[in-house]
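Morning, everyone. Please have a look at the model on the screen, and then I'll walk through a few parts of it.

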Protein chains: 2
Amino acid sequence: MMVRKSKGIGERHKKILDFIASYQREHKHPPSIREIGEHCDISSTSVVNYYLDQLEKEGLLERDRKISRGMRLIGDTNPLGDMLRVPVLGVIQAGEPILVPSESPFTPEDSVEIAMSMMPSKEKGKDLFALQVQGDSMIDAMINDGDIVILKPAQDARNGEMVAVWLTERNETTLKYFYKEKDGYRLQPANPAFKPIMIKKNETLDIKGKVVMVIRKMERMAA
Amino acid sequence: MMVRKSKGIGERHKKILDFIASYQREHKHPPSIREIGEHCDISSTSVVNYYLDQLEKEGLLERDRKISRGMRLIGDTNPLGDMLRVPVLGVIQAGEPILVPSESPFTPEDSVEIAMSMMPSKEKGKDLFALQVQGDSMIDAMINDGDIVILKPAQDARNGEMVAVWLTERNETTLKYFYKEKDGYRLQPANPAFKPIMIKKNETLDIKGKVVMVIRKMERMAA
DNA sequence: ATGATAATCGAACGCCTGTTCTGTGTCAAG
DNA sequence: CTTGACACAGAACAGGCGTTCGATTATCAT
């Protein structure tokens, strides 16, 4: 035999979940049991508690017993995921040196938010910074005008890492894969259509940071 | 004359902010006034309240009066930012049609988290999906092997939007800027080194979605 | 029908929590 | 020395909130 109704979650459960989500979006904190009851047409707090328990057993909700408004949705829109706020320090373009955090003169005007879960490996440090690419000069790195590159400050790099370097002798900023060779360094463009730059040992290679992530937003709504 | 100490925030304020942050990370919800007092060596709840008010005036904290544990840090790591969990439905490559949500056979194995604040315009819908690029076939769209493209399901597009299309006659999936012309459509690669594809009116143009964002993680640590 | 289980209600209990008020000591300015 | 802003303590208050419990109704298998 099988259970009559509710072989999992019913309409009532969904309504509660939706309410918690929308309430949280509006108030920045979870609702109380009574608030849930009011907006979901449940007159008794015990019934709400009843449903909340079920939702928890179902793995859709997490509760902190005894704590006021101690609940949070899991999965779905995660209202509690840790995210990193990365400051956008300025722009990066071929012709000019880039700004690194220590050289940044004033507070960054803008910032981007990245979910911690998206961060590679151990780059969870808070010293990351971002730059917006200006112009098409990074095409050889497969990076467009307007893209946002997220960097981790560094003075050196290991083979295969993409770095932001300032080539003093050439007065040029560039993003390339870094490789140490016998008599210098090889800077390999991400785009195979471009040739690597060979750096002799005597040339200065000023590594500013490692590229951790590239983000391209497609919002341009051309006419 | 100037105030004797605390010309802004002092050591005590920082300690409180730090505690709120660490408490939140551990308990998934903010601490109560009394809990703050205990861990910051403040014996009176009114004093904690006193400091909290100052922090709010300073713009470092936001409070929901009357609500238990109604406070949240602003700036810094935002523990309450809304984020979108976008399912990664599979891979996208030139030779094969892509999966759209309605055709997806099973639950996506993985997902990516994007901060709502990063989403362009009104694409806050929950029907977004993501695909991982396989191979170098999207080079003309300035997209690398391994990149993640986030798409919004769509059957049509406006000029200038980047779309994912399935070219039935050519058995090919591609990402291009969409332009409607007199006698058909023009599919413009993002990389200016590549030429546009002209689609005659009689050819079928199967738009699968609009590209909302592209994410490239640089985690490859070559030997 | 009937008994078991699920769903719901209403009320009361009691802790938790933010708020408020009074009082105290400190320190710089007048 | 007096004044007053500031930092802090302590206690009391009142309301919010989760919890619990007894009781009632609905639903379905037998």
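This is a predicted model: local features need pLDDT of at least 70, side-chain atom pairs count only at pLDDT 80 or more; totals for chains, interfaces and linings use all residues.

Now the elements. Those giving two or more residues are helix 3 of chain A, plus helix 2 (33-39) and helix 3 (45-57) of chain B. Which one gives the most? Helix 3 of chain A does, with four residues.

Helix 3 covers residues 45-57 of chain A, and helix 1 covers residues 11-27 of chain A. Their axes come within 10 Å and cross at roughly 90°. Who makes the contact? On helix 1 of chain A, we have Arg12(A), His13(A), Ile16(A) and Leu17(A). On helix 3 of chain A, the partners are Tyr51(A), Gln54(A) and Leu55(A). By class, the residues of this contact are four nonpolar, two polar and one charged.

Next, the strands of chain B.

Take strand 7 of chain B, residues 162-167. Strand 7 pairs with strand 8 of chain B, residues 172-181, in the antiparallel sense, over six bridges. Within that pairing, Val165(B) sits opposite Thr174(B) of strand 8. The hairpin of these strands has four residues between them. There, Asn171(B) takes a positive phi near 55°. Strand 7 of chain B has another antiparallel partner: strand 11 of chain B, residues 206-217, joined by four bridges. In this case Ala164(B) has Gly209(B) of strand 11 as its bridge partner.

Last stop, one residue in chain A.

Leu175(A) lies in strand 8 of chain A, residues 172-181. Is Leu175(A) buried or exposed? Buried, because 28 other C-beta atoms lie within 10 Å, and the cut-off for buried is 20 or more. What does Leu175(A) touch, leaving out residues up to four places away in sequence? The list is Met138(A), Ala141(A), Ile143(A), Val149(A), Met162(A), Ala164(A) and Val211(A). Pick Ala141(A) from that list. Ala141(A) is 34 residues from Leu175(A) along the chain, yet their C-alpha atoms are separated by 6.2 Å.

That's my tour. Over to you.

Note on methods:
Residues are numbered from 1 along each chain as its sequence is written. Chains are lettered from A and ligands numbered from 1 in the order in which they are written. Axes are lines fitted to C-alpha atoms, for helices over the stretch in contact, and angles run from 0 to 180 degrees between N-to-C directions. Two residues are in contact if their C-beta atoms, placed from the backbone, lie within 7 Å. Ala, Val, Leu, Ile, Met, Phe, Trp, Tyr, Cys and Pro count as nonpolar, Asp, Glu, Lys and Arg as charged, and the others, Gly among them, as polar. Two strands pair if DSSP finds at least two bridges between them. A residue is buried if 20 or more other C-beta atoms lie within 10 Å of its own, exposed if 12 or fewer, and partly exposed in between; C-beta atoms are placed from the backbone.
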